Amino acid sequence: MTDVTSSKSARRPHHWRHDLIELAALFTAVVVADTIAKTVVKGHDGPYLLVFSAIALVATAAFHTWWARRHSHASPAPPAGDTGGLPTAGLPAAAGSERSESRNESTAPAETTLWRMRTTVADTPGSLAALCTVLARLGVDILTLQTHPLGDGTVDEFLLRAPADLSAQALARETAAAGGRDTWTERADAHDLVDTPTRVLGLATRTALDAAELPLALRQLLGRCTLHSVPAVSLTGRPTGEQAPVEGVLEETVMRLRDPHGGTLIIERPYLPFTPTEFARARALVELDARLGPRVPRSRDVLTLPEGNEITVRRADQRDLAAARAMHDRCSARTLGLRYHGPVGDADRYLDHLLSPRFGRTLAVQTASGRLVALGHLLWDGDETEVALLVEDDWQRRGIGSELLGRLVAMAEETGCDSVYAVTQSSNTGMVAAMRALNLPLDYQIEEGTLVITARLASASRPAARTQQEQPHEGTRPAER
């Protein structure tokens, strides 16, 4: 607590001139009194001098009072409603109660909602100011602002804290009235409070540590978009004709970038055109991935099976191609048929594609001797995510498949996926049992003689909302990966 006396002293500094004037007045008064006393005693005009002295003393006292009031250094009175840090015990009870209630009402936090909004304004002085004025009138607080220059305007991207009762439609309508066009809004969360440079650096770090992070980093950088990796050569060995130029191509809502592993990365966002700034950021991430070359995290987990054998679970990539083909040779035709749903002789063709970090993440299980006995794949399929398992015959029914599936689903949740699906056959009881063991809501669907099991993940419960002022795009999955 603050000492009241010390606070008074701090507000009223000591002045030596005031003390000097009082000392001079006292000295003068003593001299005058001594002179008058001697004159009255010795002179015949003593009574007159005594009256004159009294008048002089009264005049001196009046002058001193006027001087003190004019040059007073007392602190000004505190403004209304401010007690200057002093206790309010002296206030009437009713007044203190009313003041407390009023202050509580004014400081009570109002319920708010975070929004991301993007709109295009004319590249003229005052256009952004007009938009900010409208947002202020609506009680909207601008937390961050990014500008994306265009040839015929500027795209302004906001992170807003708005009153909870302000709808996205009303926000877009008021923005249009202020001169904004092609307005797009969506719900935001606490993760969006990170400033853009920090977020981009984080995505670059993730990409540098793991080549499989590039598709996820591009999705998080560009928002809700669909990413396809088209190889330069198909699985049958024929050229696909897809080869983007080194500098890439930007076509409104489609972005094409050269894949460092060969082929083309195609990024689509139908509901919102890409800006040159976003294109430059995406191209920088792809160039970083190309310079660093193949890489996967080196972490390994050693597990003990019920019968006592130890296995190691680790990440795999195309450098494990020879070991994966050797495992194929040891698998039965039935096991390969249940996994690849096609001619067994074509199984080896898929391995190079499946082990590529561009298409997803792969977990490998190897024995103490280093032999590869199981593979688990988490594959990016446009907006969806597929899980697939292959366990060598001699190592089935030991819990390896369930262990791999649980780890793959955990990876999918970390990346923000809404769901994962597995394509199998109803006769594949091991895969069906592993999916059920996840204890997640499951959907079953028969497609062309195969069974598709979809598991809805916990991340699917996150709220998401989006609106577009013109040409609303329905059907885009509200998932951010």
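Where in the structure is the place of Val 246?

## A residue in a loop

In this predicted model, Val 246 has its place in the loop that runs between strand β5 (226–230) and strand β6 (249–251). Val 246 is exposed, since its relative accessible area is 62%, and the cut-off for that word is over 50%. Although Val 246 and Arg 258 are twelve residues apart in sequence, their C-alpha atoms are 6.0 Å apart in space.

## Helix α5 and what covers it

Helix α5 spans residues 127–137, and within this helix Ser 127, Leu 131, Val 134 and Leu 135 are buried. When the helix is seen down its axis, these buried residues fall within an arc of 100°, so they line one face of α5. An α-helix has 3.6 residues a turn, so residues three or four places apart point the same way.

The other side of α5 carries Thr 133, Ala 136 and Arg 137, which are exposed. The buried residues of the helix, by contrast, have a cover that includes β1, β2 (141–149), β3 and α6 (168–177). Just after α5 comes Gly 139, which takes a positive phi of about 80°.

## Salt bridges

How many salt bridges does the count come to? The count comes to 22, and one of them joins the side chains of Arg 118 and Glu 157, with an N to O distance of 2.8 Å. Arg 118 lies in strand β1 (residues 112–121) and Glu 157 in strand β3 (residues 154–163), so this pair ties together parts that are 39 residues apart in sequence. Both Arg 118 and Glu 157 are buried.

Another salt bridge is formed by Arg 206 and Glu 213, whose closest N and O atoms are 2.6 Å apart. Arg 206 is partly exposed, with a relative accessible area of 28%, whereas Glu 213, at 8% relative accessibility, counts as buried. A further salt bridge is formed by Arg 314 and Asp 320, with the closest N and O atoms 2.9 Å apart. Arg 314 counts as buried at 12% relative accessibility, and Asp 320 is buried with a relative accessible area of 12%. Elsewhere, salt bridges that share partners join Arg 116, Arg 118, Glu 157, Glu 186, Arg 269 and Glu 278 into one network.

## Gln 366 in strand β11

Gln 366 has its place in strand β11, which covers residues 360–367.

If neighbours within four places in sequence are left aside, Gln 366 is in contact with Arg 300, Ile 311, Thr 312, Arg 314, Arg 371 and Leu 372.

## Cysteines

A search of the whole structure for disulfides finds zero of them.

Note on methods. Residues numbered from 1 in each chain as written. Predicted model: local features only at pLDDT ≥ 70, side-chain atom pairs only at ≥ 80, totals over all residues. Heavy atoms only, no water. Disulfide = S-S within 2.5 Å. Salt bridge = Lys/Arg side-chain N within 4 Å of Asp/Glu carboxyl O. Helix = DSSP H or I, 4+ residues; strand = E, 2+ residues; numbered from the N terminus. Buried < 20%, exposed > 50% of the residue type's maximum accessible area, 1.4 Å probe, protein only. Arc of directions from axis to C-beta. Contact = heavy atoms within 4.5 Å.
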